[in-house]
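Visitor: I'd like a quick tour of this one, sheet and salt bridges included. Can you show me what we're working with?

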Amino acid sequence: MKFVEPPSCSSTSTIVLIGRNRRGQWVAQEQNGLYGGLFVSRAQAVKYALFENGQHPETIVELPREIELDKSPSANISQRAA
C-alpha cells in the first residue's frame, strides 16, 4: 500500500481550484488568483492545472459549487503584499 502525504503549507505547489461557472464553462484558477482560465472540458481544465502547478495532481481541488474566474489577479497580489 502506498501512502501519499498531503501538500504542506511550505510546499512550492499551490492549490488549483477547478469547477464550472454559471454558464457551464470549466474554470481552473490558482487559489490566490495568480493564474487561471476558462475551458470547454474538465479534461482541459485539469491538463492546464497540472501544467501550471508543476504536475502535482494532489493540489487540484474540484469544487461542487460554482466558481467564477477572477479576472483581476493583480488586485489579489496587492492585497497579499499589504
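Predicted model: local features only at pLDDT ≥ 70, side-chain atom pairs only at ≥ 80, totals over all residues.

Visitor: How does Glu62 count by relative accessibility?
Guide: Glu62 sits at 40% relative accessibility. Exposed needs over 50% and buried under 20%, so Glu62 counts as partly exposed.

Visitor: Which side chain does Glu62 meet in a salt bridge?
Guide: The N to O distance is 2.8 Å. The pair links distant parts of the chain, with Glu62 in strand β4 and the partner in helix α1, 20 residues apart. That partner is Arg42.

Visitor: Which strands stand at the edges of the sheet?
Guide: The open sheet has 4 strands in the order β3-β2-β1-β4, with mixed pairing. An edge strand here has a single partner, so one side of it is left without a neighbour in the sheet. The edge strands are β3 (36–39) and β4 (60–62).

Visitor: At about what angle does helix α1 run to β3?
Guide: Helix α1 covers residues 42–52. The helix lies across β1, β2, β3 and β4, and its angle to β3 is about 160°.

Visitor: Which residues do salt bridges that share partners join into one network?
Guide: Arg22 has its closest N and O atoms 4.0 Å from those of Glu68, while for Arg23 and Glu68 the value is 3.6 Å. Glu68 lies in the loop between β4 and α2, and Arg22 in the loop between β1 and β2, so their pair ties together parts 46 residues apart in sequence. The network is Arg22, Arg23 and Glu68.

How values were computed. Residues numbered from 1 in each chain as written. Heavy atoms only, no water. Pairing = 2+ DSSP bridges. Helix = DSSP H or I, 4+ residues; strand = E, 2+ residues; numbered from the N terminus. Contact = heavy atoms within 4.5 Å. Axes fitted to C-alpha atoms, helices over the stretch in contact; angles between N-to-C directions. Buried < 20%, exposed > 50% of the residue type's maximum accessible area, 1.4 Å probe, protein only.
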